[in-house]
Amino acid sequence: MTKEQFALLDAVLNGTSAVILVMAYLAVKKRRYVLHASLMCSANVISAVFLGSYPLGKYLYGEQSTAELGLAPIRIVYFIILFPHILLAIAMLPMIFLTV
């Protein structure tokens, strides 16, 4: 796969997961708990595929979005936002697995 295909795959996986999460929210509001559970499991599987695909793309092609910026201020802001995002994502993993 090319780096562009990895980026497209990641976007599709994230978008699909987001749509399924909204559908799961609507299902639980309508008290359709079995549908809600199925949708949540689906979103979890899609997110797991993303968690495999995203680091693989970064490993194969490196960080492409900010590589050419050098030490530009926008790159520094990007990393300031990225660092807590990664830490929070790691911290959430045990909670996600406990609810599945």
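Helices here are DSSP runs of H or I with at least four residues, strands are runs of E with at least two, and both are numbered from the N terminus.

## Ground rules

This is a predicted model, where local features need pLDDT of at least 70, side-chain atom pairs count only at pLDDT 80 or more, and totals for chains, interfaces and linings use all residues. Residues are numbered from 1 along each chain as its sequence is written, and side-chain values use heavy atoms, leaving out hydrogens and water.

## The helix pair

Two packed helices are described by the angle between their axes and the distance between the axes. Here, the axes of H1 (residues 3–29) and H2 come within 8 Å and cross at roughly 160°. Those axes are lines fitted to C-alpha atoms, for helices over the stretch in contact, with angles from 0 to 180 degrees between N-to-C directions.

H1 and H2 are therefore roughly antiparallel (under 35 degrees is roughly parallel, over 145 roughly antiparallel, 65 to 115 roughly perpendicular, and the rest oblique). Their crossing is left-handed, a label for a near helix turned anticlockwise from the far one by less than a right angle; clockwise would be right-handed.

## The loop in between

Arginine 31 sits in the loop between H1 and H2. Its relative accessible area of 65% makes arginine 31 exposed (exposed is over 50%, buried under 20%, partly exposed in between, with a 1.4 Å probe and protein chains only).

The backbone is worth a look too. Most residues other than glycine have a negative phi. Arginine 31, though, has a positive phi, near 60°.

## Pairs along the chain

Phenylalanine 6 belongs to helix H1 and is buried, at 7% relative accessible area. Its C-alpha is 7.3 Å from that of serine 53, though 47 residues separate phenylalanine 6 and serine 53 along the chain.

Glycine 15 is also in H1, but counts as partly exposed at 32%. Glycine 15 and isoleucine 46 are 31 residues apart in sequence, with 10.0 Å between their C-alpha atoms.

Over in helix H2 there's tyrosine 54, partly exposed at 30% relative accessibility. From tyrosine 54 to glutamate 68, 14 residues along the chain, the C-alpha separation is 20 Å.

## A nonpolar patch

Leu56, Tyr59, Leu60 and Tyr61 make up a nonpolar surface patch, with about 440 Å² of accessible area together (Shrake-Rupley method, 1.4 Å probe, and for residues only the protein chains shown count as cover). Patch residues have over 30% relative accessible area and no salt bridge; nonpolar side chains (Val, Leu, Ile, Met, Phe, Trp, Tyr) are joined within 5 Å, like charges within 9 Å. A salt bridge puts a Lys or Arg side-chain nitrogen within 4 Å of an Asp or Glu carboxyl oxygen.

Leucine 60 lies in H2, which spans residues 33–61, and at 46% relative accessibility counts as partly exposed.
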